[in-house]
Structure formats: structure tokens, C-alpha cells
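This report covers a pocket, a set of salt bridges and a surface patch. The sequence and structure come first.

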Amino acid sequence: MRTSAASRRYARAIFELAREDDRVTEVRREFGELSEVVAESKELRTALLTPLHPVEERKKVLDALAERLNLSARVRNFLAFLVDKRRLIALAAIHEEYERLADELSGRLIAEVRTATPLDEDQQTRLRGALSGATGRDVELEVTLEPELIGGAIAKVGGLIFDGTLRAQLAQLRTNLTKGL
């Protein structure tokens with residue numbers, strides 16, 4: 001999911017508040033639980049994210065959910081603010097960006113890896129080690145299968161892209177052959 005500039009700003013705001021309170025991990029857990037419950041319930045998504053429902057009605061649903069999940073006052077206030085600003089629809093993107101910020105704070109990076117075939121444990125360990133060495137940080141892999149790649153893998157870590165696909169290797173070979181290397 002791509003996060004919008006507004007989602008990044010909101011995530012940064014709640015992240016900075018959580019950091020000031022030294023509660024980054026707790027807020028992360030609360031956001032995770034909330035996002036999971038909302039993602040699992042179509043009725044809840046409809047009640048919270050449909051603009052046809054009045055703001056006060058959505059706030060009541062959120063209050064009941066926050067009570068059930070035992071969310072902190074900080075997160076409850078933030079959610080009410082999102083409802084007021086009509087940004088609750090971006091909750092998943094805000095949560096994703098918050099996760100990224102929390103990972104960054106802890107020194108951990110997420111590598112988005114697209115592969116043509118599944119990676120076994122040994123391959124994942126070697127790839128994780130290579131990416132950690134290249135970035136100087138702990139790397140966690142999120143692997144997605146894309147058979148259309150034909151062979152190899154593409155890893156995106158932060159702003160870096162490592163393309164080890166068969167297509168990229170053939171393009172490099174073509175370049176080398178045309179240059180006479």
C-alpha cells in the first residue's frame with residue numbers, strides 16, 4: 001500500500017507524541033490490534049469508514065472499540081481527531097507508516113523482496129545477511145512471489161533496489177557483449 005503525504009504526516013505526528021511519552025512500542029501494539037480488528041470486520045469498516053454515517057456515530061463506535069481493546073487515551077484522542085478531519089479512511093496507511101517509523105527508530109529495515117520462486121530458509125538467511133551487510137542495519141524480509149519475473153529476485157530496502165532477476169542479468173550480458181567486454 002502506498003502512503004499519501006497526509007498519511008505520512010499523521011503517522012509522524014502520533015509517532016512523535018508516542019516517542020515523547022516513551023510509548024512507541026505500546027502505541028505500535030495498539031495500532032496493530034486496532035488495524036487487525038477493523039480489517040477483519042466488514043461491518044466495522046462500513047460503520048467507521050463510510051462518510052454516510054454521522055461523525056458522532058462513528059466516534060461512538062470507535063469509543064466502544066477502543067474500550068474493548070483497552071486503547072490508551074493518546075490513541076483514542078488521535079482516532080477521534082482522524083474522524084474529525086475525515087482521515088480515518090487512511091488508518092491502514094497511517095498504521096503502515098507508523099510501523100516503518102518504529103522500525104527505523106529501532107534500527108531495523110524491512111526489505112520488500114519479490115521472487116520468481118519460493119525461498120527456503122537458507123536462501124532467506126543468506127539474503128538477509130547480504131542486505132544487512134549492504135545497509136549496515138538489521139533487515140527483515142517481506143517475500144512476495146511473482147512468477148512473471150521468470151527467475152531471480154528484486155529486493156527493495158529503503159531507497160535501494162537490488163535487481164537480481166534473470167531479465168536484469170540478461171540485459172547486463174547484452175550490454176557487456178555489445179561493448180566487447
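## Pocket, salt bridges and patch

The lining of the second largest pocket comprises 15 residues, with Thr115, Leu119, Gly152, Ala153 and Gly164 nearest its centre. The model is a predicted one: local features need pLDDT of at least 70, side-chain atom pairs count only at pLDDT 80 or more, and totals for chains, interfaces and linings use all residues. Residues are numbered from 1 along each chain as its sequence is written, and side-chain values use heavy atoms, with hydrogens and water left out.

A pocket here is an open set of points, on a 1 Å grid over the protein atoms alone, with protein on both sides within 12 Å along at least five of seven lines; lining residues have an atom within 4 Å of a point. The volume of the second largest pocket is about 230 Å³. Its lining divides into 9 nonpolar, 6 polar and no charged residues. Helix H7 (121–135) and strand S3 (153–157) each contribute at least two lining residues; helices (H or I, at least four residues) and strands (E, at least two) are DSSP runs.

The whole structure holds 16 salt bridges, each defined as a side-chain nitrogen of Lys or Arg within 4 Å of a carboxyl oxygen of Asp or Glu.

| Pair | N to O distance |
|---|---|
| Arg12 and Glu16 | 3.3 Å |
| Glu97 and Arg100 | 2.7 Å |
| Glu146 and Arg114 | 3.8 Å |

Glu146 lies in the loop between strand S2 (138–145) and S3, and Arg114 in strand S1 (residues 108–115), so this pair ties together parts 32 residues apart in sequence. Arg12 and Glu16 are 4 residues apart in helix H1 (residues 5–20), and therefore about one helical turn separates them. In helix H6 (residues 91–106), Glu97 and Arg100 are 3 residues apart, again about one helical turn.

Buried means under 20% relative accessible area, exposed over 50%, and partly exposed in between (1.4 Å probe, protein chains only). Glu97 is buried at 7%, whereas Arg100 is partly exposed at 38%. Glu146 is buried at 18%, and Arg114 is partly exposed at 33%. A network of salt bridges links Arg28, Glu99, Asp103, Arg108 and Glu140.

On the surface, Ile150, Leu166, Leu170, Leu173 and Leu177 form a nonpolar patch with about 500 Å² of accessible area together. Such a patch joins nonpolar side chains (Val, Leu, Ile, Met, Phe, Trp, Tyr) within 5 Å, from residues with over 30% relative accessible area and no salt bridge. Leu166 belongs to helix H8 (residues 166–179) and is partly exposed at 35% relative accessibility.

Terms used
Patch = residues over 30% accessible without salt bridge, like charges linked within 9 Å, V, L, I, M, F, W, Y side chains within 5 Å. Areas by Shrake-Rupley, 256 points an atom, 1.4 Å probe, with all protein chains shown as cover. 1 Å grid on protein atoms, 1.4 Å probe; cavity = no way out; pocket = protein on both sides within 12 Å on 5 of 7 lines; lining within 4 Å. Points joined across faces, edges and corners; volume = space filled by probe spheres on them. Nonpolar A, V, L, I, M, F, W, Y, C, P; charged D, E, K, R; others polar.
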